[in-house]
Amino acid sequence: MKWIMTGSGAGPVGCLTAIAFAKAGWKVAIYDARPDMRLPSSKQALAQRSVNLAISSRGLAALYSVDPSLMNKVLDGAIPMKGRRLHVIDGKIKDQLYDSNGQCINSIDRGILNESLLEEAIAFPTIDVYFKHKLLTADFDICTLTFEAQDIKKNVDIKFDLCIGADGSYSNVRRQMMRVTRMDYQQEYIPHEYIELKIPAGIHESGAKQFLLDHNYLHIWPRHSFMLIALPNKDKTVTATLFAPTSVLDQLNTRSTAAAWFNANFPDIVSLVGEETLLTDFQRNPRNPLISLKVYPIHSSFFLFAVEIKALWKAKPYHYKDRCIIIGDAAHSMVPFYGQGLNCGLEDIRVLLNILRSEGAFHPRKRKPGQAVDHRLENAFERYSATRHEDLVAIRDLAMDNYVEMRHSVTTPTYIFRKALDSVFSTLTAPYVPFATLARTLSTERTAFPPGASRGWLSQYTMVTFRPDISYATAKKKVQRQSNIVTGIMAVTLGGGAGLVMLGVWAALVFRRR
């Protein structure tokens, strides 16, 4: 049997999916519309527009579930970040640790991660990779895909048993599925864009390169309506990304205006990079859109957010019969402000594999004579569409909300007070679960998200980033309940403090049981 991955299927999600299916006995063919990303020309194009990635527990758990050694290899190319370092407008620096137990998120260059997974996939004897093959049409009923093979300037027809679309936000697989699921599709821009900048490596007195910023933090310059973030790279440089309203960037249309704006809002960045270099990069590098996409399938509505034309689906199904399913950015791209785009896409694989195994549909087998549909495979896809949808809606909402938190809320007294309460209540009610334990457990669990995992008081960031055993939807609902309690505590505090201790103890006891 042959499983076909189509479109830009050689991204991180596509490569990991290919590896997982190849290990299960499938013959895999990856078709990617782009040239080989390992070519110098591809790397140069990627460097101008790619936001650095932050891989955390959800993505790592997915890697572990496919191959623990693959997770370790990815971590070797990453830099751990233990918290946020806030650069306030008055020049003060404030640190906010992500986790009291020392858990970190990991900065990794998109190209390094993708190349590592691609080479792992290519090393499998049962995986073939075809670059510069653009999907033109798909007939899922007769299991035929038509590609434009750009090098030979010829169209080729490919037969398949299962098509998995991991071909990104411009997904041609999704477009072909929309033909058979009768979806209306609408695109709207949201009024913010981003520009990539670069903070160079410094030179130590010994002559060796060194970081100009502490490399174990995600650096944030929150400026209320806009912000700049910076993530470290293995070569001692730091990738900085400016997020700002389009209306603000439009006003920076001369070199002198941009210079005045950067000196007023980010004087330390000007000092680190150098004014001339910073302004040259700002004017040369492309402005990348943040786009909202809406799709309305029959009997349901659909809202999508995007970065670099990325879409987040808020509708189902994600499959067509037993023939095709979409995952990763093809199904749910989101704004990057929670660092969950990659992690969510990789988690799609873990969730899908879990369901396929439970339905007895993971390993390849021939259909019976006269059997039009593999019902076990179709049932697995239906379960995935039904159960994964709510999680994807939840993380889209949480990612958008986190933009406001990062550029504004992180410096407010209310936010700091809420974080303090989260820390106290969590210590009282929720025991720490090490990632190594979670990874081993989830690789053998019969369900993707074990019941009871969210007991105790847990902060939103902990659940989303460090607890892959808790679904996004569960995390969002739990945070809403906890927020109601915190609002009550704050009301009591502002009213003079009477009963604050009793209210806090009551909250802790309640969440110890949940």
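**Entry: a loop residue, Lys-132**

I started at Lys-132, which sits in the loop between strand S8 (127-130) and strand S9 (133-139). I keep in mind that this is a predicted model. I looked up the backbone of Lys-132 and found a positive phi of about 55 degrees, although the residue is not a glycine. I noted this because most residues other than glycine have a negative phi. Then I checked the surface. Lys-132 has a relative accessibility of 26%, so it counts as partly exposed.

**Entry: another loop, Lys-236**

I went on to Lys-236. It lies in the loop between strand S17 (227-232) and strand S18 (238-245). Is Lys-236 buried or exposed, or in between? Its relative accessibility is 30%, so I put Lys-236 down as partly exposed.

**Entry: the whole protein**

I stepped back for an overview. I counted 18 helices and 22 strands in the secondary structure. The protein has 514 residues, and 56% of them count as buried.

**Entry: a salt bridge between strands**

Next I looked up charged pairs. Side chains of opposite charge can pair when their charged atoms come close. How many salt bridges does the structure hold? I found 24.

I picked out Asp-128 and Lys-27. They form a salt bridge, with the closest N and O atoms 3.4 Å apart. Asp-128 is in strand S8 and Lys-27 is in strand S2 (residues 27-31), so the pair ties together parts that are 101 residues apart in sequence. Asp-128 has a relative accessible area of 28%, so it is partly exposed. Lys-27 is at 36%, so it is partly exposed too.

**Entry: a salt bridge between helices**

I turned to Arg-58 and Glu-347. Their salt bridge has its closest N and O atoms 2.8 Å apart. What does this pair tie together? Arg-58 is in helix H3 (residues 57-66) and Glu-347 is in helix H12 (residues 341-358), so the bridge links parts that are 289 residues apart in sequence. I found Arg-58 buried, and Glu-347 is buried as well.

**Entry: a salt bridge within a helix**

I followed this with Arg-388 and Asp-391. They form a salt bridge too, and the closest N and O atoms are 3.6 Å apart. Both belong to helix H13 (residues 375-407); they are three residues apart there, so about one helical turn separates them. Arg-388 has a relative accessibility of 1%, so I marked it as buried. Asp-391 is at 4%, so it is buried as well.

Then I traced shared partners. Salt bridges join Arg-58, Glu-347, Asp-348, Arg-350, Arg-388 and Asp-391 into one network.

I stayed with helix H12, where Gly-341 is found. Gly-341 has a relative accessible area of 24%, so it is partly exposed.

**Entry: His-192**

I looked up a histidine next. His-192 lies in strand S13 (residues 184-199). Is His-192 buried or exposed? Its relative accessible area is 13%, and the cut-off for buried is under 20%. His-192 is therefore buried.

What does the His-192 side chain pair with? I found a polar contact of 3.0 Å to the side chain of Tyr-403. I then listed its touching residues, leaving out those up to four places away in sequence. They are Ser-225, Ala-244, Pro-245, Thr-246, Pro-289, Leu-290 and Tyr-403.

**Entry: helices H1 and H5**

Last, I looked at a helix pair. The axes of helix H1 (residues 12-23) and helix H5 (residues 110-122) come within 9 Å and cross at roughly 25 degrees. Angles under 35 degrees count as roughly parallel, so H1 is roughly parallel to H5. Their crossing is left-handed.

Which residues meet between H1 and H5? From H1 I noted Pro-12, Cys-15 and Ile-19. From H5 I noted Leu-113, Asn-114, Leu-117, Leu-118, Glu-120 and Ala-121.

Methods:
Residues numbered from 1 in each chain as written. Predicted model: local features only at pLDDT ≥ 70, side-chain atom pairs only at ≥ 80, totals over all residues. Heavy atoms only, no water. Helix = DSSP H or I, 4+ residues; strand = E, 2+ residues; numbered from the N terminus. Buried < 20%, exposed > 50% of the residue type's maximum accessible area, 1.4 Å probe, protein only. Polar contact = N/O pair within 3.5 Å; in protein donor to acceptor, adjacent residues only side chain to side chain. Contact = heavy atoms within 4.5 Å. Salt bridge = Lys/Arg side-chain N within 4 Å of Asp/Glu carboxyl O. Axes fitted to C-alpha atoms, helices over the stretch in contact; angles between N-to-C directions. Parallel < 35°, antiparallel > 145°, perpendicular 65-115°, else oblique. Left-handed = near helix turned anticlockwise from the far one by under 90°.
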